Amino acid sequence: MEQRRVPRKVIPFPVQVGERPTVILLRGLAARCPACGARHIFEQVFRMKDRCPRCSLKFERVEGHWIGSLGVNTTVVFGAMLLALMGITFAVYPDANVPLMLVVEISLALLGPLLFFPSSRMLWTAIDLLMRPLAPGEIDPRFVKVDPYRDRPTGP
Ligand SMILES: [Zn+2]
């Protein structure tokens with residue numbers, strides 16, 4: 001008898017971990033684990049753990065994973081620079097305070113990417129998880145509420 005192959009349903013990450021997408025993104029922004037909200041992912045500003053100390057989520061999900069965090073970091077810092085430039089321009093209009101603009105913009109350009117580094121990495125991991133749900137072995141199964149490999153419907 002031929003066995004029917006039933007494709008496994010893709011379960012979205014928020015359903016997998018039983019958390020709202022907003023909470024997942026906010027955890028990332030706070031440089032916490034997007035899956036369980038654990039802190040202390042970063043040992044130093046630039047040294048992070050490979051896996052979450054609580055749920056053992058592997059942060060570097062694929063090779064080149066951190067390219068996305070670079071994009072997030074660049075976008076946020078450029079956005080902040082634009083807002084600062086607009087703010088100063090409107091505040092002193094019609095005059096132009098060029099020295100102030102230079103100091104603020106250069107400070108943001110130099111410090112922004114460093115200060116935002118931890119958040120950009122975890123925020124990108126959160127975005128990536130929302131686009132590409134967990135695969136088996138990526139996280140401690142106790143933290144998965146709905147798992148298509150575990151919670152398969154029984155019956156004919
Ligand atoms: Zn975790």
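1. Setting aside neighbours within four places in sequence, Ser-56 is in contact with Arg-51, Ile-139 and Asp-140, where contact requires that the C-beta atoms of two residues, placed from the backbone, lie within 7 Å. This is a predicted model, in which local features need pLDDT of at least 70 and side-chain atom pairs count only at pLDDT 80 or more, while totals for chains, interfaces and linings use all residues. Residues are numbered from 1 along each chain as its sequence is written.

2. Ser-56 sits in the loop between helix 2 and helix 3 (66–92); helices here are DSSP runs of H or I with at least four residues, numbered from the N terminus. With 19 other C-beta atoms within 10 Å, Ser-56 is partly exposed, a class that falls between buried (20 or more other C-beta atoms within 10 Å of the residue's own) and exposed (12 or fewer), with C-beta atoms placed from the backbone. The C-alpha atoms of Ser-56 and Gly-137 are separated by 9.5 Å, although these residues are 81 apart along the chain.

3. Two backbone phi values deserve a careful look, given that most residues other than glycine have a negative phi, and most peptide bonds are trans. Phi of Ser-56 is near 60°, a positive value in a residue other than glycine, and Ala-31, which follows helix 2, likewise has a positive phi near 60°. Ala-31 is placed in the loop between helix 2 and helix 3, and it counts as buried, with 20 C-beta neighbours inside 10 Å.

4. Pro-94 belongs to the loop between helix 3 and helix 4 (98–115).

5. Helix 2 (residues 21–29) has Ile-24, Arg-27 and Gly-28 as its buried residues. Viewed down the axis of helix 2, these buried residues fall within an arc of 100°, so they line one face of the helix; the arc is that of the directions from the helix axis to the C-beta atoms. The cover over the buried residues of helix 2 includes helix 1 (13–17) and helix 5 (117–131).

6. The axes of helix 2 and helix 5 come within 6 Å and cross at roughly 155°, the axes being lines fitted to C-alpha atoms over the stretch in contact, with angles running from 0 to 180 degrees between N-to-C directions. Helix 2 is therefore roughly antiparallel to helix 5, a label given to angles over 145 degrees. On the helix 2 side the contact is made by Pro-21, Ile-24, Leu-25, Arg-27, Gly-28 and Leu-29, and on the helix 5 side by Ser-119, Met-122, Leu-123, Thr-125, Ala-126, Leu-129 and Leu-130. These residues divide into nine nonpolar, three polar and one charged, where Ala, Val, Leu, Ile, Met, Phe, Trp, Tyr, Cys and Pro count as nonpolar, Asp, Glu, Lys and Arg as charged, and the others, Gly among them, as polar.

7. Pro-34, in the loop between helix 2 and helix 3, is buried, with 30 other C-beta atoms within 10 Å. Not counting residues up to four places away in sequence, Pro-34 touches Ile-24, Arg-27, Gly-28, Met-122, Thr-125, Ala-126 and Leu-129. The C-alpha atoms of Pro-34 and Val-146, 112 residues apart along the chain, are separated by 16 Å.

8. The largest nonpolar core has 20 residues, of which Cys-33, Ala-35, Cys-52, Cys-55, Leu-57 and Ile-139 touch the most other members; such a core is a set of buried Ala, Val, Leu, Ile, Met, Phe, Trp, Tyr and Cys residues joined through C-beta atoms within 7 Å. Helix 1 and helix 5 each supply at least two residues of this core, and helix 5 gives the most, with five residues. Leaving aside neighbours within four places in sequence, Leu-57 is in contact with Cys-33, Ala-35, Arg-51, Cys-52, Glu-138 and Ile-139.

9. Val-17, found in helix 1, is buried, with 24 other C-beta atoms within 10 Å. Again leaving aside neighbours within four places in sequence, Val-17 is in contact with Ala-35, Phe-143, Val-144 and Lys-145. The C-alpha atoms of Val-17 and Arg-142, 125 residues apart along the chain, are separated by 9.7 Å.

Conventions
Angles under 35 degrees count as roughly parallel, over 145 as roughly antiparallel, 65 to 115 as roughly perpendicular and the rest as oblique.
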